[in-house]
Every structure is written in structure tokens, then in C-alpha cells.
Amino acid sequence: MKKIFLTSILILATLSQSLFAQNPTTYFMEGSTFRTKWNPAFAPQRGYINIPVLGGIELSTNGNVALDNLLFVQGGKLSTIFSSSVPTTLALSELESTNRFGESNTINLIGFGAYSSNQKSFWSVAINLRTNVDAQLPYSFFDFMKTGKAQDISGIGFHADCYAEATFTHSFPLAKNLYFGFSGKFLMGLARGRFYFDKFDAQMNADRWSANAVGVMELNGFDIPTSTSNDGSLCYDDLGDSSFNSKPAGYGFGVDVGVTYDVLPELQLSASVNDIGCMFWSKKHSSMGVVNKTIEFTGVEVDPEGNATHPTFDLDELEFEVADEKGISEMLTTSLNLGAEYNFLDRRISVGLFYNAAFWEYKTRHNLTASANFRPLSWLHASGSYSFINNEASAAGLALNICPGWINFFVGTDILLSKKTPQWIPVSQSNMNITFGLGIPLGRRGTRHEL
């Protein structure tokens, strides 16, 4: 992890590898097996067994900064915001006072579901692999990296976790036109990392730069070497030489609850709260570090105008002092979902309005989506949507679900209309989703809704 300035490269690497939590276009897709992840009271048209790994892949990013604010084409080559070839005025022109990045991935390893004998109650079982990343960088961080001018760079934060999830979901009628659903989740923590700096006052001198740093580091699921620093304190030696611990780093639980109510034959209201629960990261597999000192770095190049060309340093130079390990409990990223759908022409066309609020580490993110849904055949569904996100971004989405007697195929995305690089990398959207699923239908169709 050499020559990495705290979270910047970690965030850029995350964005480049996972350019894309759940796609709001899937909310009103009746044939899709993904609907139960939004609201456990929902049910697909038929039972299913997913193709392992390919049965459900959901990738997303969200935040208030798009990739084209961080990547620039200079002389036909793609450069990062920190490259000396990118002018400072251009690099800083579109940044916010606090720049936030979020990323969430879910991969369905095993999944199957079926209707009960009454063709109304539905149950499903799934094993998923989930990762979440949430980070923030202030404007002053980028300003310092481009100009080398003294800055108060407080509020740098990075949080990531990865865990396996075993889920049982059941939905059933409570009364006429009223369905209730719940999901119980057992979680096994694989890895977690958190860096946060309450203070990072940086300044540049003729041949070096220094920083008064106050921060914390928390890592779970890794074995990190230690060494004794010059002042005699025990510090983490080389984060780049950390090894992954194959044993579970923690355990947790979660619950989803939801309802649907058919106010009229044509009008359905729905509501759910997802991921109510905690993850408990054990003390045994934790590494805690603190830093509270002034650090100096040499080897900086300063141009004749006094600007630094590349103020970088090793993350290890911070010398996080070993602190007492402790167990950590964290709430899951809970979300609230509200929906209303009105149907026309014997349910072959519908319009819907969907609201989602996700309570992330550094900010609650809101999303309002309008959707038009088409069901020309019982096994062919298509949806188009337009989302308004945090008053900061918008996205148009398309989704298709094909479910004849021998296959259940679903694909949905909201990046089709986004500006892209020649390598098909979307760069103009800060909020992006891709969803893909492939499974085999099982049993007769449910009777909740008949086309």
C-alpha cells in the first residue's frame, strides 16, 4: 500500500473496479426474483432456483461526484485528478465542499424459492456475498494535493466491510389484499476497515511538507505486523504486508419487514424497512491504531511559483500507534422503501412512484423514482424509470425480465444514457446501478395477480 495518501487511491480503485445496492428500476418488475430484496412482502410470479453466482449480481455506486470530476482525457490519455498534466483550475472546478462516495455490491451464491400449496404464500432461501464502501474527502484535500498550499483537511473518512449473508424470506396474506413479509438474516463478517481523521493540518515548505494529524484506524479480519518506533511506542509496521485472516472476523443478524396493500384492484401501496440489525466484529481479529502527532515528509518537488508537483507519502509513515483491541458493534446500512403503483388494461401497463432512503455512515441518501412498466405477455416484462437522487443527480433506467417455462432472465441498468469512455466506462453519473440474474423457474404461477 505504498505511496497512497490515505483513502484517495482506495476510493479511486473501488470506483474503477465496481463502477456500478439495488437498481430502483427493479422495484415494480413483477416477474423478477429481485423484488423480494426491496420488500419481503413481494413475490415473483413463480418459484425458482438460481444459477450459482449468476443468479443475482447487483452492483452500484452513489455519491455527489461523478468519475469525470476525477478522471480527465489529456493528450488522448486518461489521467487522474492528481496528474500534473491536469490544470488545477480544471481539476478543482466541479468538486463539492465535501465529496462523498458510496459503493455496494451483492452476489447471490445460492438462491431458490417456491410458493406454498395455496399459491399465495411464498418462501425463499439465499446465500449472498455483500460488500459496502462509504467514504468522504473534503475539497481542501484535493486543493492541497494540487497546489501544496497549507490546508485544514479535517473530516477525511473511509469505511468498508465485507460479509456473507444467509437469508430466509417468507411472505403471506394477513387479510384480503394485505400481505406481510419478513426476512431473517444471519451474517458472517469477513473483513472491515475504517480510517477517520478529525484533524489533518498540512503545510508545504521549500523541500518538505508536514501535517499535524489526529486520527484512528480500525481493521478487522487482517493480521498486521508491528514494530517499535523511534520514541519507543509499538506501531503497525507495514499495512501493505497485511495478510487476510481466513477465520470469521465477526457475526451479526439482520431483519427486513414489509407490507403490500391493494387499496383498489388497480392500486397497490407498499412499504418496507430493510437491514435492521447489527454486525459484531470480534476483539480477537481486530487491529486498532491511533495517530496524534506532527509528521514531516521530504522529497517534495516545488515549482518556481511555490506549488508542489506531487505531495505524496506512504500511509505507513503515519505510524499508527497500537491501541488496545476491542470488539466493535455496528449497525447495518438500513434503508426505508415506499411505493405506489397504479395498473391499467388488465395489469398489462402500470405507472409507479418509489421512494428510497439509505442511512449510510456519513450521509443519508434519498432517491425518488418514477416508473412505467409494461407486461404485454405473462412471461415478458419491461420497465423504464427516471430517478431524482438527493437533488444532486438523476438517472434513467431500463430493465427487462423474461420468464417462460424454462428460464428466468433479468437485466437492468441506469447507465445506458450516460456519457462513456471508449472503454464503455460511464463517467458522467455519480449514481449507477447494474443488475443481472439468471435462474430456472419452478412450479406453477402464484395467484396473487393474474394477467
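A: Strands here are DSSP runs (E, at least two residues) numbered from the N terminus. This is a predicted model, where local features need pLDDT of at least 70, side-chain atom pairs count only at pLDDT 80 or more, and totals for chains, interfaces and linings use all residues. Residues are numbered from 1 along each chain as its sequence is written, and side-chain values use heavy atoms, with hydrogens and water left out.

Q: Which strands each supply at least two residues of the lining of the second largest cavity?
A: β1 (47-50), β25 (408-413) and β26 (432-442) do. A cavity is a set of points on a 1 Å grid over the protein atoms alone where a 1.4 Å probe fits but cannot get out, and lining residues have an atom within 4 Å of a point.

Q: Which one gives the most?
A: β26, with 3 residues.

Q: And what volume does the second largest cavity have?
A: About 50 Å³, taken as the space filled by probe spheres set on the grid points, which are joined across faces, edges and corners.

Q: OK, rings now. How many aromatic pairs in the whole structure?
A: A search finds 18; ring centres of Phe, Tyr or Trp (its six-membered ring) must lie within 6.5 Å. Phe-409 and Phe-436 form one, 5.7 Å centre to centre with 75° between the planes, so they count as edge-to-face (over 60 degrees).

Q: What does that pair tie together?
A: Parts 27 residues apart in sequence, because Phe-409 lies in β25 and Phe-436 in β26.

Methods: On a 1 Å grid over the protein atoms alone, a cavity is a set of points where a 1.4 Å probe fits but cannot get out, and a pocket is an open set with protein on both sides within 12 Å along at least five of seven lines; lining residues have an atom within 4 Å of a point. Helices (H or I, at least four residues) and strands (E, at least two) are DSSP runs, numbered from the N terminus. Rings of Phe, Tyr and Trp (its six-membered ring) pair if their centres lie within 6.5 Å; planes under 30 degrees apart count as stacked, over 60 as edge-to-face and the rest as tilted.
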